[in-house]
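Student: I have a new model open and would like to learn how to read its features. Can we go through them in turn?

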Amino acid sequence: MELIKKIGKKINDYGVLVMFSHTIFSLSFALISMLLAGNGKLNFRVIFWILVAFMSARTGANALNRVIDAEIDAKNPRTATRQLPQGLMNKKEILIFVVICFAIMVFAAWQLNTICFILSPIALFLMTIYSYTKRFTWMCHLVLGITSAAAPVGAWLAVTGKISLIPLAMGAANTLWVAGFDIIYGAQDYDFDTKNGIHSIPARFGVKNALHISSVFHVLAVIFLLMVGLLAPQLGIIYYGGLLINMVLFVIQHRLVKPDNLTNVKIASYSINQVISIVFLVTGLLDCLI
């Protein structure tokens, strides 16, 4: 019984470490991209290895981010309670975990097809470099978005072995959507970032302008999602209905946060976007499968 408790606690520790609940942000895009690419002709083997590649990549990337940012997190009052700053987990343990996750991702890519295997080092590079970008460029939010966009583009390549406009449009939407809400989330660290030389769009342009930039990113994300609907014959009225709901959620998200009132940042940047992800996934699934 004691062993089971220890195992359960360790699983929970890693779930908290990699923010497992945030998996939905890119998983929805990956699944819809996979279904559109397969046009209803997917087999269990392809689905299995796509999910393995996605989950291992996403888990390893978030764990690595915690290691790379450990010192910064320790200085920031908002993040000082995370596991590494508190000494609840150690870097060596997490790095071993990261290596295992990334090895699984590469193996899964190899199981899918040659192009996925060849491109897997690019995915690894993006997942590694993102954590360093806040040290030298305010475009770190876009790098995070591009890294997330590897999910829908990679899923399409896994099924078809070639690229097309649909996954590129979906990848662009994923990039701008994630970058947009990451800017909102980053606004709460404006004072800390400016004092400690951390680069971000809020730190570079101010919170007010950063929120405007976030709004523009989300408008562009909606445009690209409309493009996906126009390009993909499987998508129709249900998908557009979901997109309309998400447009309303985007408006609510941006109304919740003001330059002089950031108390709702977490709700705006994470909670609402989890709902947006689910709406996108459910409506896309229904149109693809019905």
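**Reading the model, feature by feature**

Tutor: Over residues 237–256 the chain is 95% helix and 0% strand. The end C-alpha atoms of that stretch are 29 Å apart. Keep in mind that this is a predicted model.

Student: What does the UniProt record call this stretch?

Tutor: The unreviewed UniProt entry carries the annotation "transmembrane region" for residues 237–256, among others.

Student: Next, cavities. How many are there of 30 Å³ or more?

Tutor: A cavity is a space where a 1.4 Å probe fits but cannot get out. Here the count is 1 at 30 Å³ or more. The largest cavity holds about 70 Å³ of space.

Student: Which residues line the largest cavity?

Tutor: F29, A173, W177, A221, L225, N246, F250, I276, S277 and F280. Two or more lining residues come from each of α9 (165–186), α12 (207–231), α13 (237–255) and α14 (265–289).

Student: Which element gives the most to that lining?

Tutor: α14 does, with 3 residues.

Student: And by class, what is the lining made of?

Tutor: It has 8 nonpolar and 2 polar residues, and no charged ones.

Student: Which helices supply at least two residues each to the nonpolar patch?

Tutor: α6 (91–112) and α7 (114–133). The largest share, 4 residues, comes from α7. I118 lies in that helix, α7.

Student: Last, charge pairs. How many salt bridges are there?

Tutor: Side chains of opposite charge can pair when their charged atoms come close. The count here is 5 salt bridges. One of them joins the side chains of K134 and D69, at 2.8 Å from N to O.

Student: Where in the chain do K134 and D69 sit?

Tutor: K134 is in the loop between α7 and α8 (140–160). D69 is in the loop between α3 (44–68) and α4 (70–75). The two are 65 residues apart, and the pair links distant parts of the chain.

Notes:
Residues numbered from 1 in each chain as written. Predicted model: local features only at pLDDT ≥ 70, side-chain atom pairs only at ≥ 80, totals over all residues. Heavy atoms only, no water. UniProt positions renumbered as here; feature names shortened; annotations may be inferred. 1 Å grid on protein atoms, 1.4 Å probe; cavity = no way out; pocket = protein on both sides within 12 Å on 5 of 7 lines; lining within 4 Å. Points joined across faces, edges and corners; volume = space filled by probe spheres on them. Nonpolar A, V, L, I, M, F, W, Y, C, P; charged D, E, K, R; others polar. Salt bridge = Lys/Arg side-chain N within 4 Å of Asp/Glu carboxyl O.
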